Amino acid sequence: MTTDLDPTLLELRESAAGPRRWTEADAVAWAESFALDASLRLSWEPGNEEYILLLDEQTTVVMLSIKLPVAFVNADRPASESICQPPFRVVVMTSLESAEFRASPELLESTLLRPGEQDEDFDPESFSAWDLFVLVA
């Protein structure tokens, strides 16, 4: 089953124009705190990656954007339930590599991707959270 991200991306675009913006510092502080509380390992290369990965052994439990308050959470991990609170827009994923999402190209470019980042192999009608990670890395 494919999850349509358009409603979430519309909310993100509108909230990004608001008075309180999500910053890289917000994302890092939250990720470090959550990782400590949930006994997860943080994986992120500042300057190279726009998503922070929180892992339990080798499974990604949460993929958190540093640009917008959106978190892709693994549906099979109990630790991911506590992220389902404001300020986050939560997107549940089966796995990091599961091509279970679709979104309008223009919404993707105005939120999660930079303009022109979609390459010819990227299919906005069927992509995974990992596809987003790779496109902005």
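Reply: Ser39 lies in the loop that joins α2 to β2; helices (H or I, at least four residues) and strands (E, at least two) are DSSP runs numbered from the N terminus. The model is predicted: local features need pLDDT of at least 70 and side-chain atom pairs count only at pLDDT 80 or more, while totals for chains, interfaces and linings use all residues. Residues are numbered from 1 along each chain as its sequence is written, and side-chain values use heavy atoms, with hydrogens and water left out.

Me: Is Ser39 buried or exposed?

Reply: Buried means under 20% relative accessible area, exposed over 50%, and partly exposed in between (1.4 Å probe, protein chains only). Ser39 has 64% relative accessibility and therefore counts as exposed. Its phi is positive, about 55 degrees, although Ser39 is not a glycine.

Me: Which residues of α2 are buried, and what covers them?

Reply: An α-helix has 3.6 residues a turn, so residues three or four places apart point the same way. In α2 the buried residues are Asp26, Ala27, Val28, Trp30, Ala31, Phe34 and Ala35. Their cover includes β2 (41–43), β3 and β4 (59–65), where contact means heavy atoms within 4.5 Å.

Me: What is the strand order of the sheet?

Reply: Two strands pair if DSSP finds at least two bridges between them. Here five strands form an open sheet of mixed pairing, in the order β2-β3-β4-β5-β6. β2 and β3 pair in the antiparallel sense over three bridges, and Arg41 stands opposite Leu55 in β3.

Me: Which residues touch the most other members of the largest nonpolar core?

Reply: In soluble globular proteins, nonpolar side chains tend to be buried together. A nonpolar core is a set of buried Ala, Val, Leu, Ile, Met, Phe, Trp, Tyr and Cys residues joined through side-chain atoms within 4.5 Å. The largest one has 26 residues, and Met63, Phe72, Leu108, Leu112 and Leu132 touch the most other members. Its largest share, five residues, comes from α4. Leu112 has contacts that include Leu9, Tyr51 and Phe72.
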